[in-house]
Amino acid sequence: MDAAAERDLPTLWRSGSWRAEAHTWIRAQADVTGPIQEHLVRFWSVVLKVPVAGGWAWFKENAPSQSFEAALMEEVARVAPDRVPPLLGVERARGWLLTADLGDPIGEHRPADDREAAAEVAEVAGAWSEVQRRLSGREPAMRAARVPAFEDSNAISYAVALADHLARLPEGDGRRLDLEGRRQVEAGLGRLGEDAARLEASGIPESVEHNDLHLWNAMRGRDGGIAFIDLGDAVWSHPFASVRPLLWVMRARLPFPPGAPEYERVIDAYLESWTDLAPAQELRRLLPAAERMSALHRAESWRRLMADVPLEAIDVEFLDAPAHWLLAATAEDPFAWSQAH
């Protein structure tokens, strides 16, 4: 849990020197037709909107712990070019990424009909599962791209180390895990260990776990299929953890409880790419364990981002995110706990 060297990244990304260098690189990658615009600056990334011939392009740089995204997007494009926006420029050393615009994310256009909305979730789930299956044999390339690995066998030791780290933070630090939270983590370690062991024994090959898969990170490609963005949270781990955000969105926002046909179709769409390895019903039994592991992946994503910057650079509303997801990962029912908190 050692912190990386901290830099005030939002201040850096708004500096004239950084922007001059980034703009020079962008102009070398594309035919820029007007002023480059700041779209979003957060402590984890900067996104610039770039006018180009025929429309727009998007530039992105991540915080150091997620700078692998540019290389990962390049690797995905090698095996599934239709599943990411067209890449206009990649600078692996700095994590710079320039992609073509594909319009608004799917989440910005929710259909009026709930069943149609559920069908869209199923399409996204199935498309990402296909990407994962294509990537599952490419571990050396993922390691070369510096995609972090998260091994199920280390789940308990990781949770204990993170809980200890957060509990040691001083009073008044918004990231701190209090005594009650520390006890909850300890009480849930057995559940976490059992589910981690279940995934490890499943025989499903590891792949890229998106770790932030939702409808606002999915877009319509130029061929009408699904293309994915925002891979900076990704980990190399059990692939089934990726489907958790989509299922939670359905449970929270659509009137289809687990067991409803619309909900089951999302699961079927996701699992279809893996049914040559085991019967569908056997694969389904892994999803609760993968849901729990997904929460732990989210805790790690937030932890590593917060190690990139000084405390004062972190938006207040995100300070408790590592503790929140650690507690969800060790709760009896991660979904119910997260919705109540």
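This is a predicted model: local features need pLDDT of at least 70, side-chain atom pairs count only at pLDDT 80 or more; totals for chains, interfaces and linings use all residues.
1. The largest nonpolar core takes in 113 residues. Those with the most contacts inside it are Phe59, Phe240, Leu296 and Leu326. Leaving aside residues up to four places away in sequence, Leu326 touches Leu296 and Ala299, and also Ala159, Leu162, Ala163, Leu166, Leu177 and Val185.

2. H11 is mostly covered, with 19 of its 20 residues buried.

3. The largest pocket holds about 1200 Å³ of space. Its lining consists of 45 residues, and Asp212, His214, Trp216, Asn217 and Asp230 lie nearest the centre. Elements giving two or more residues to this lining include strands S1 (37–42), S2 (45–52) and S3 (55–62), as well as helix H3 (69–79) and H11. H8 contributes the largest share, six residues. By class, the lining of the largest pocket comprises 22 nonpolar, 12 polar and 11 charged residues.

4. The second largest pocket has a volume of about 220 Å³. It is lined by 14 residues, of which Leu247, Tyr263, Ile267, Leu287 and Pro288 are the closest to its centre. H8, helix H9 (261–271) and H11 each give two or more residues to this lining, and H11 gives the most, with four. Nine of the lining residues are nonpolar and five are charged, with no polar ones.

5. On H11, then: the helix is mostly covered, it is among the elements lining the largest pocket, and it gives the most to the lining of the second largest pocket.

Key:
Residues are numbered from 1 along each chain as its sequence is written. Side-chain values use heavy atoms; hydrogens and water are left out. A nonpolar core is a set of buried Ala, Val, Leu, Ile, Met, Phe, Trp, Tyr and Cys residues joined through side-chain atoms within 4.5 Å. Buried means under 20% relative accessible area, exposed over 50%, partly exposed in between (1.4 Å probe, protein chains only). Contact means heavy atoms within 4.5 Å. On a 1 Å grid over the protein atoms alone, a cavity is a set of points where a 1.4 Å probe fits but cannot get out, and a pocket is an open set with protein on both sides within 12 Å along at least five of seven lines; lining residues have an atom within 4 Å of a point. Grid points are joined across faces, edges and corners, and a volume is the space filled by probe spheres set on the points. Ala, Val, Leu, Ile, Met, Phe, Trp, Tyr, Cys and Pro count as nonpolar, Asp, Glu, Lys and Arg as charged, and the others, Gly among them, as polar.
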